[in-house]
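Subject: Structure for your review

Dear colleague,

Please find below the structure that I am handing over to you. My findings follow it.

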Amino acid sequence: MSIHPHMAAGRWQEYPFAVQMANVGGEVHRARMAQERCAPEERVRHALERALELLDLTRLSPPSAASRRELGRLREAIASQYVGVTWCHTDLAWLDRYFHQFALLAAARR
């Protein structure tokens, strides 16, 4: 079952790469904010599940082989947060900063 059925049906591929990544980052940001506010762990996990699904949709048609590798590593970093393990010194704050650059790029291209 998909969390984003309309996006999984093909709509996601219509968005530019920067917008896709900014949306993944939005979910990571929600997870970080929930964690910082000591919200129930379920809230953090749900945001990370949404981020992982959107990232998987993005990985279906990345622009290059290098992007596929980076997106794969990025997925590992997000998934490690989901299971509560620190991977390569990444945490939600680091991931949030990483995705912020895509939000700036997407906003600049509007």
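In which kind of crossing, left-handed or right-handed, does helix 3 pass helix 4? The crossing is left-handed. Please note that this is a predicted model.

Two packed helices are described by the angle between their axes and the distance between the axes. For helix 3 (residues 41-59) and helix 4 (residues 65-83), the angle is about 165° and the axes lie 10 Å apart. Helix 3 is therefore roughly antiparallel to helix 4, because angles over 145 degrees count as such. Helix 3 contributes R45, L48, E49, L52, L55, D56, T58 and R59, which meet L71, G72, L74, R75, I78, A79, Q81 and Y82 of helix 4. Sorted by class, this contact has 8 nonpolar, 3 polar and 5 charged residues.

I also looked at the aromatic rings. The structure holds 5 aromatic pairs. One of them joins F17 and F102: the ring centres are 6.0 Å apart and the planes stand at 85°, so the pair is edge-to-face. Since F17 belongs to helix 2 (residues 17-36) and F102 to helix 5 (residues 92-108), this pair ties together parts that are 85 residues apart in sequence. F17 is partly exposed, at 28% relative accessibility, whereas F102 is buried, at 17%.

The rings of W94 and Y98 form a stacked pair, with centres 5.7 Å apart and planes at 20°. Both residues lie in helix 5, 4 residues apart, about one turn of the helix. W94 is partly exposed at 35%, while Y98 is buried at 18%. Ring pairs link F17, W94, Y98, F99 and F102 into a cluster.

Yours sincerely

Conventions: Residues numbered from 1 in each chain as written. Predicted model: local features only at pLDDT ≥ 70, side-chain atom pairs only at ≥ 80, totals over all residues. Heavy atoms only, no water. Axes fitted to C-alpha atoms, helices over the stretch in contact; angles between N-to-C directions. Helix = DSSP H or I, 4+ residues; strand = E, 2+ residues; numbered from the N terminus. Parallel < 35°, antiparallel > 145°, perpendicular 65-115°, else oblique. Left-handed = near helix turned anticlockwise from the far one by under 90°. Contact = heavy atoms within 4.5 Å. Nonpolar A, V, L, I, M, F, W, Y, C, P; charged D, E, K, R; others polar. Phe/Tyr/Trp six-rings, centres within 6.5 Å; stacked < 30°, edge-to-face > 60°. Buried < 20%, exposed > 50% of the residue type's maximum accessible area, 1.4 Å probe, protein only.
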